[in-house]
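Please look over the sequence and the three-dimensional model before reading on. The report below is meant to be read with both at hand.

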Amino acid sequence: WRHSTEKPALYHVVTRVVERRFAFGVDEKERFRTLMRMMERFSGCRVLAYCVMCNHVHILLEVPPMRAGGLGDAELLERLGVLYSDSFVAGVAKELEDARKEGDEAMAAEIHQRFSYRMHDLGQFMKGLLQRFSQWFNGQHQRTGTLWEQRFKSVIVESGTAARTIA
């Protein structure tokens, strides 16, 4: 099921703040939600339910398979625009345009692969979300070092009753 090409996988994901200290106030919760929604739009994953507590987070995440044939150029650039600056996206668009003009499909595929490996993947979704939040949090609170107790934990969930119960 995890590697299905048709059915999305559902995961209950939990991550805790180091030393289980209370790190999430109102501003931190809002920033976490904003970054989570950005990663959702970039990755193609879907947050079905979530709960941001004072010292940990629960997410019910749907990870659909990448569709056959991958993303088109326009969709790739749109997703990149969620996380990257306009100038960066324009640079990638130029690279793709040049590769397509030259008929170099291998180069175009390589450009796509540079970014698409981070899409439709639980580990990459959480890595991007937690790294971005940690960088913001550490900057806001003049601190350094890890914010998370350990790697996130995830359990695959059957759709239906189990997913509704977790949500």
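Residues are numbered from 1 along each chain as its sequence is written, and side-chain values use heavy atoms, with hydrogens and water left out.

The pLDDT, the predictor's confidence in each residue on a scale from 0 to 100, averages 91 over the protein chain, and 97% of the residues score at least 70. Confidence is lowest in helix H6 (residues 161-166), with a mean of 78, and highest in H1, at 96. Where pLDDT is low, the predicted coordinates should not be read in detail. Helices (H or I, at least four residues) and strands (E, at least two) are DSSP runs, numbered from the N terminus.

A nonpolar core is a set of buried Ala, Val, Leu, Ile, Met, Phe, Trp, Tyr and Cys residues joined through side-chain atoms within 4.5 Å; buried means under 20% relative accessible area, exposed over 50%, and partly exposed in between, with a 1.4 Å probe and protein chains only. The largest such core has 43 residues, and those with the most contacts inside it are Phe32, Ile59, Phe125, Met126, Leu129 and Phe133. Among the elements that give two or more residues to this core are strand S1 (9-16), helix H1 (26-43) and helix H5 (122-140), and H5 supplies the largest share, eight residues. Leaving aside neighbours within four places in sequence, Leu129 is in contact (heavy atoms within 4.5 Å) with Phe32, Leu35, Met36, Met39 and Ile59.

Strands pair if DSSP finds at least two bridges between them. S2 and S3 run antiparallel and are joined by six bridges, with a hairpin of three residues linking S2 to S3; S1 and S3 also pair in the antiparallel sense, over eight bridges. Seven of the eight residues of S3 are buried, so S3 is largely enclosed by the rest of the structure. The table gives some of the residues that stand opposite one another.

| Residue | Opposite residue in S3 |
|---|---|
| Val14 | His58 |
| Val47 | Leu61 |

Helix H4 has 12 residues and reaches 16 Å from its first C-alpha to its last, close to the 16 Å expected at 1.5 Å a residue, where the expected span is 1.5 Å times one less than the number of residues. The buried residues of H4 are Ala108, Ile111, His112, Phe115 and Ser116. They cover an arc of only 120° around the axis, which puts them on the same side of H4; the arc is that of the directions from the helix axis to the C-beta atoms. On the other side of H4, Ala106 and Glu110 are exposed, while the cover over the buried residues includes H1, H2 and H3.

Gln140 is found in helix H5 and, at 46% relative accessibility, counts as partly exposed.

Methods:
This is a predicted model: local features need pLDDT of at least 70, side-chain atom pairs count only at pLDDT 80 or more; totals for chains, interfaces and linings use all residues.
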